Amino acid sequence: MTDVPETEVNDESLVKELRKLMITKQLNFLIGSGTSAKSIGLMGDFKGNAETGKTANEQLEDKVNDVSKKIISGAYKLPGEENIRANLNDYTHFLKSVIDVINLSNSRQTPKSVNLFTTNYDLYIEKSVDELIGTSRFVFNDGANGYFKRVLESSNYNRVVSYKGLNDNYISEIPSISLIKPHGSMNWSEQNGIIVIGKEVAQTPKIVKPTGTEERDTYLDNHYYEMLRVFQLELDKPQSVLFIIGFSFQDKHIKKMVKRALQNPELLVVTFGYSNGDKDAFLSNFDIDIMPRNFRIYTPKDFNKLHLTQHKYDEENEQWNFELSNLTDIINGASEEDLKDDKSK
């Protein structure tokens, strides 16, 4: 259980490099189930229930459904529900830091936009957007068009929104966040062959369930396939970076797409592991013998304790992990100083 760095790590150059990548490259994040584990748990935490007859997958879906409803209503004040608020804070602070960092980008070189790809179908990111209204100026794009009836259409991505001065004397690009959910969402419902994005948890949510056949299901269903297509097109763009957190490469279809995308020499994929043992697990799941030069894995041992989260189990057992809040802290420190050696600025 004990996993404590033996010495204080000097991660100054690494942290500065990560910040520069976020400012100067076309920015993408892939967010997996690990980022919501604080309140929902992981697939391995659920077991079949003989009394109810529900499988582990069904219990996980019920948990995501319940948490998503509480996220929307704000009804997470009861004892034992503190983790929902804490998890929401993690996402909200993360989104705020991302908005701030893309504001540092030179829009003539790099769009002031970020793509958030998530295999999660909970509603933490959507609720975080509401939490930030009035505190940050940004545009949120979940791929939907419409007013009372909001319909999902992949062509709605890749928008650039600018603010024009009252006298047309300047144009300023507004930071934009695009949310792409290739596994569906708890507020998606299918109606006559189209996906409608609602304001509540759908009675029958349109999601890819973790049954082991996700790869087949996503390719057979046009809606999921379109989300994956957006993912692939973004990673094929020049001067792009993909940061991955909370994702272990156990989803075969996502893994294949990342491996294919690594053939783009201008793409850099940076993966963060929660614990030190994750590096070997990621490489095993990723099924590669030789690490591609544009693929990096960082675990707690690569960072100073200032950029880690301590979990103390008792007097003798403690662990230092890299979580979403730690990535947020790194992003928050980004500034113009990180671009001093960058010739594009």
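Author: A residue counts as buried when its relative accessible area is under 20%, and as exposed when that area is over 50%. The model is predicted. Thr119 has a relative accessible area of 9%, so Thr119 is buried. Thr119 sits in the loop that runs between β2 (113-118) and α4.

Leaving aside residues up to four places away in sequence, the contacts of Thr119 are Ile31, Gly32, Ser33, His183, Phe247 and Ile254. Gly246 lies 127 residues from Thr119 in sequence, yet the C-alpha to C-alpha distance between the two is 9.9 Å.

Ser33 and Gly246 lead on to the largest pocket: with Gly34, Leu42 and Met43, they are the closest to its centre among the 44 residues that line it. The space in this largest pocket comes to about 1,200 Å³. Its lining is made up of 18 nonpolar, 17 polar and nine charged residues. At least two lining residues come from each of α2 (56-73), α3, α8 (278-286) and α9 (324-332). The most come from α8, which supplies four.

Two or more of the lining residues come from each of α4 (124-132), β3 (139-141) and β8 (176-180). With four residues, α4 has the largest share. By class, this lining divides into 10 nonpolar, three polar and seven charged residues.

Rolling a probe the size of a water molecule over the atoms shows where empty space is left. Here the count is one cavity of 30 Å³ or more, and the largest cavity has a volume of about 40 Å³. Thr118 and Asn120 are among its lining residues, and the others are Tyr91, Asp122, Ile125, Glu126, Leu179 and Lys181. Three of the residues in this lining are nonpolar, two are polar and three are charged. In soluble globular proteins, nonpolar side chains tend to be buried together. The largest nonpolar core has 57 residues, and the members that touch the most others are Phe29, Phe94, Phe243 and Phe272. Helix α3 (residues 82-102) gives the most to this core, nine residues. Not counting residues up to four places away in sequence, Phe272 touches Leu18, Phe243, Ile244, Ile245, Phe282, Tyr298, Phe303, Phe322 and Leu327. A second, separate core has 32 residues, including Leu152, Val230, Val258 and Phe282.

Technical notes: Residues are numbered from 1 along each chain as its sequence is written. This is a predicted model: local features need pLDDT of at least 70, side-chain atom pairs count only at pLDDT 80 or more; totals for chains, interfaces and linings use all residues. Side-chain values use heavy atoms; hydrogens and water are left out. On a 1 Å grid over the protein atoms alone, a cavity is a set of points where a 1.4 Å probe fits but cannot get out, and a pocket is an open set with protein on both sides within 12 Å along at least five of seven lines; lining residues have an atom within 4 Å of a point. Grid points are joined across faces, edges and corners, and a volume is the space filled by probe spheres set on the points. Ala, Val, Leu, Ile, Met, Phe, Trp, Tyr, Cys and Pro count as nonpolar, Asp, Glu, Lys and Arg as charged, and the others, Gly among them, as polar. A nonpolar core is a set of buried Ala, Val, Leu, Ile, Met, Phe, Trp, Tyr and Cys residues joined through side-chain atoms within 4.5 Å. Buried means under 20% relative accessible area, exposed over 50%, partly exposed in between (1.4 Å probe, protein chains only). Contact means heavy atoms within 4.5 Å.
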